[in-house]
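Student: I have a model open and want to learn how to read its features. Where do we start?

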Amino acid sequence: MSQLGFRHRKICEGAAARYRALLGKSQDPGRRQMLEEMIARELEEAEKFDPSALPGAISIEHRF
């Protein structure tokens, strides 16, 4: 994984962790649903930068 991809993935995972913390403090059903959707989007975005999610990505990285 490139340095930029790794950094972007960590940013997405960090955002998801912050949203989870807010989710734990919220009792409002509407806000909880919004936070759950935001967490899902951030984790989906982070997966785009996971080398195991891309077929052949690991073999390509080892060639360079």
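Tutor: Start with secondary structure. Helices (H or I, at least four residues) and strands (E, at least two) are DSSP runs, numbered from the N terminus. Here the protein chain has three helices and zero strands, in the order α-α-α along the sequence. This is a predicted model: local features need pLDDT of at least 70, side-chain atom pairs count only at pLDDT 80 or more, and totals for chains, interfaces and linings use all residues. Residues are numbered from 1 along each chain as its sequence is written, and side-chain values use heavy atoms, without hydrogens and water.

Student: Which residues make up the largest nonpolar core?

Tutor: In soluble globular proteins, nonpolar side chains tend to be buried together. Buried means under 20% relative accessible area, with a 1.4 Å probe and protein chains only. A nonpolar core joins buried Ala, Val, Leu, Ile, Met, Phe, Trp, Tyr and Cys residues through side-chain atoms within 4.5 Å. The largest one here has five residues: Ala16, Leu23, Leu35, Met38 and Ile39. The largest share, three residues, is from α2.

Student: What is leucine 35 in contact with, beyond its neighbours within four places in sequence?

Tutor: Contact means heavy atoms within 4.5 Å. On that basis, leucine 35 is in contact with Tyr19, Leu22 and Leu23.

Student: Is serine 26 buried or exposed?

Tutor: Serine 26 counts as buried because its relative accessibility is 6%. Its place is the loop between α1 and α2. Leaving out residues up to four places away in sequence, serine 26 touches Arg31 and Arg32.

Conventions: Buried means under 20% relative accessible area, exposed over 50%, partly exposed in between (1.4 Å probe, protein chains only).
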